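Keep both open as you go.

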Amino acid sequence: MTAARSGPAFSVHDIPFSTHGSWFDISPVVAEKTYSEDLHLVSHQNGMHAVLCLVPLDPATGHRAETRVETTPGLLSWIGESGRIDLSYESPDTVRLRGSGLGIGVDAAARTLTPFSGTYFFRDPAADAHVFTSYETGRRYRVTVLSGTVTDAGTQSLGGGHRGLTMTAETNGAWEIAIEELCTARPPYTSPATFDGITESEQRSFAEFVDRVAPWRSSATPAAELAAYVVWSATVRPTGLVTRPAVLMSKHWMDKVWSWDHCFNALALAPGCPDLALDQFALPFDHQDDSGALPDSVTHSEVLYNFVKPPIHGWTSGRLRRRLPSPPGPAELAETYGRLERWTDFWLTARRAPGADLPHYQHGNDSGWDNATTFDPARVVESADLAAFLVLQLHELAGLATALDKPDQARRWTRAAEETQAALLDRLWAGDRFVARAVDTGDTWTSSSLLDLMPVVLGEHLPADVSSTLADHIKAHLTPYGLATELPTSPHYLADGYWRGPIWAPATVLIEDGLRRAGHERLADDISARFRALCEAHGFAENFDALTGTGLRDRAYTWTASSYLLLAEAHARREAR
């Protein structure tokens, strides 16, 4: 049995195998930093939960068979000495599996069933199928046998024990099953599609997506297709509290939409998938609270408000409008204006102390740079990056007001931008770098964090001497792989220190853009080239060791993939010119 292969090969240990729209993936990653020997069906409804364990079996012994796993978009295969098993998505909630020369065990990942946890297993006579019901996901997983011989174990059993089924071949040497993720019930599974037809359809769907989001790709951008796969496969359909099609940060354990991560996905998708891009930008605003604040994060069954994220949405909105193939109409502009206005008012009211000119964070988490050394002396601080982002957001509001024929509002926002920038330079610029200020005490300090240099994002709005000084400091953070978030010479530098050393995609994109707009194009080119080379060599991890390039934490992060696509596209277009 052979199958067509299409698209880039990848390791399922780094990137989960999934499809556009699905809430589950096939992966050995079963929890945060936890890898299993076998692949699992892992659902992201109600959190990340490994539901089914998929074990290739030697038909002669019935024991686990030694196989290697090969994956490309559309097809996952276990390949052993005596045969192979293939898996492909028929739809976002259904996978088909077929085998020849190997059997497979489909087992409940949870060994214990309690009144409130675990997986119950039974045979459904109405659907002529086997069903696993998961307390953790609140969903059912139905296995329908299309061909082959099935044996089951642990049906209707309670407590501890093995629950699952085993597929072996009939006399012709092959078997095939379908596994569905569903709610309570649906008609018995039937499908006219062949396995090869399903695989070809999946490969075609991904190829069409790549052609839309990366038509500029070439041998000079060798990671573009894999970056597109990370984004395509991490997209889920609207379900639960996810009100729109959404690109999760990952289908590993970082399976949420945080309220600044989504901006980079929106920008990467904008030229080729404008509707999906606009959905990414809008999703957190669907949960904007009465104060105007955006939530910290949104996922299937949870919206968190205990922290916020930085107001990079004005910067994003301006870029997004320019990247869309058709400019937004008046209704769309008005909706964006209203949402940005409320978000900005939150920072100008709830996050400005009485008499203060500048807004403040209440914790490092609010900045997105959770544990950056900027926040070591205090957490409730006025920081230069926040003021800079707010200035850009005020300028974007002025531009939107002008487009909507609101001249008085445009003047008001422009004046607020000028006043905020003047306060930034007056209160936080110390002549050679920016300081942070504790709101309670007024104490100021500097750090070795790249966060202190983030006001370079103001680009053309900065005085030339300030942007040049920032550019010089930024050079000190450059390693062969990109921008370290803490100076490598700092006593606080940690190789895997989250925001205390590793290279991150959002900082790279924001700084590269600010430098370019400020006229420091050579440095911007260098930063872009190093980050692109990093992704091409080490993939799309959540962050990277700044001194070795090794990918760290979650290894399939969509804002990293989208940032690569943004920088690669811009580079390709510069080269074309």
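Rings of Phe, Tyr and Trp (its six-membered ring) count as a pair when their centres lie within 6.5 Å; planes under 30 degrees apart are called stacked, over 60 edge-to-face, and the rest tilted. One aromatic cluster is formed by W260, F264, W315, W369, Y498, W499, W504, Y557 and W559. Please note that this is a predicted model, in which local features need pLDDT of at least 70, side-chain atom pairs count only at pLDDT 80 or more, and totals for chains, interfaces and linings use all residues. Residues are numbered from 1 along each chain as its sequence is written, and side-chain values use heavy atoms, with hydrogens and water left out.

**Aromatic pairs**
- The count by this rule is 26 aromatic pairs.
- W260 and W499 make a tilted pair, because their ring centres are 6.2 Å apart and their planes stand at 35 degrees.
- These two residues are 239 residues apart, with W260 in the loop between β19 (257-258) and α3 (261-269) and W499 in the loop between β26 (482-483) and α11 (505-517).
- W260 also pairs edge-to-face with W559, at 5.2 Å centre to centre and 85 degrees between the planes.
- W559 lies in helix α13 (residues 558-576), so this pair ties together parts 299 residues apart in sequence.

**Burial**
- Buried means under 20% relative accessible area, exposed over 50%, and partly exposed in between (1.4 Å probe, protein chains only).
- W260 is buried at 3%, W499 is buried at 1%, and W559 is buried at 2%.

Methods:
Helix = DSSP H or I, 4+ residues; strand = E, 2+ residues; numbered from the N terminus.
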